[in-house]
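Thanks for coming. I will go through some helix contacts and then a pocket.

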Amino acid sequence: MKKQKNKLAGLQRRKAFAGYLFISPFIIGFLVFMIKPMFESFYMSFSEVQVGPGFVNKTLNGVKNYYDILRINPDYVPKLTDELWRMIIYSLGIIVFSLFVSLILNQEFKCRGLVRAIFFLPVIMSSGVILGLESNNSLMAEIAKTVETTTSNVSITAVLQTILKTTGVGTKAFEIVFEIIDNIYDVAVASGIQIIIFLSGLQTISSSMYEAADIEGCTKWESFWKITFPMVSSLFLVNWVYTIVDFCMRSDNEVMKVIDKEMIQLLHYGTASAMSWLYFGIVTLFVAVTSFFISKGVYYYD
């Protein structure tokens, strides 16, 4: 028994070493390239920064920058509130969509590999040069404009949304659902990595568990909640954190546009730093709180 425990402990140490070895490039890069700029940015958030040819003067002014962005700046707080709300809605929509698609892609059907590749294409399309080509492509813009002008003005989803709103039942919930549906392209583009992660977890579930459930008379719905969901629950936390971080890096992030305006156009480096750190702090706190509650419902298995 003792020998077996020592083997397990040795295996865990080797796994931990392999994990640290994989993330060591990031750790080294962070320590070498990120620590000093982060400290400088944090210091500037409490300073009045004056920039000139060949010099940068930083004069401590306490929390004045934070007071200005919260009480005086007319754009930051509304943009921050809207963006945080949009982050929550989109993150939930992306998690649900990616889990649903991964369940479909895990089934046995012809050309499954091709379909999986198609669903992973948004990850490629949303990267680097290809994203720039997509956003600046005049041909694509003209096609989108033509489709918009030639299609009927009657929208099934718009009619359904109007009907549901007039009932007065769950109006806010319906608005959230229809907002996600209206932006399903953005949700699909941002779901590629999450689909792959969920799919890798689904493939580790033994088929014997489903066979035993079928023998016991479980329905597919019961098997999902009793087997599938608990077995992939550990991946929800990974996907949740990744989705939030990925959302904050979107090019259409209104908070980042306000920060860029303060820093690049107005040269208010102190104010821009305070905006960045406040945004970073709120998102970090949100991730920490939600991760705590998610981790309470995660099922870990050997």
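I start with α11 and α12, where M209, Y210, A213 and D214 of α11 meet K220, S223, I227, T228 and M231 of α12. By class, five residues of this contact are nonpolar, two are polar and two are charged. Contact here means heavy atoms within 4.5 Å. Ala, Val, Leu, Ile, Met, Phe, Trp, Tyr, Cys and Pro count as nonpolar, Asp, Glu, Lys and Arg as charged, and the others, Gly among them, as polar.

Before going on: this is a predicted model, in which local features need pLDDT of at least 70 and side-chain atom pairs count only at pLDDT 80 or more, while totals for chains, interfaces and linings use all residues. Residues are numbered from 1 along each chain as its sequence is written, and side-chain values use heavy atoms, with hydrogens and water left out.

Helices (H or I, at least four residues) are DSSP runs, numbered from the N terminus. The axes of α11 (residues 207–215) and α12 (residues 220–248) come within 10 Å and cross at roughly 150°. That makes α11 roughly antiparallel to α12. Axes are lines fitted to C-alpha atoms over the stretch in contact, with angles from 0 to 180 degrees between N-to-C directions. Angles under 35 degrees count as roughly parallel, over 145 as roughly antiparallel, 65 to 115 as roughly perpendicular and the rest as oblique.

Next, α3 (residues 76–105) and α14: their axes come within 12 Å and cross at roughly 30°, so α3 is roughly parallel to α14. On the α3 side the contact is made by Y76, L80, E83, L84, M87 and I88, and on the α14 side by M275, L278, Y279, I282, V283 and F286. Eleven of these residues are nonpolar, none is polar and one is charged.

α3 also comes within 8 Å of α10 (residues 192–202), axis to axis, crossing at roughly 50°. α3 and α10 are therefore oblique to each other.

Now the pocket. How much space lies in the largest pocket? About 760 Å³, a volume being the space filled by probe spheres set on grid points, which are joined across faces, edges and corners. A pocket is an open set of points on a 1 Å grid over the protein atoms alone, where a 1.4 Å probe fits, with protein on both sides within 12 Å along at least five of seven lines; lining residues have an atom within 4 Å of a point. Of the 21 lining residues, M38, M256, S276, Y279 and F280 are closest to the centre. α14 gives the most to the lining, with seven residues.

Definitions and conventions. Helices (H or I, at least four residues) and strands (E, at least two) are DSSP runs, numbered from the N terminus.
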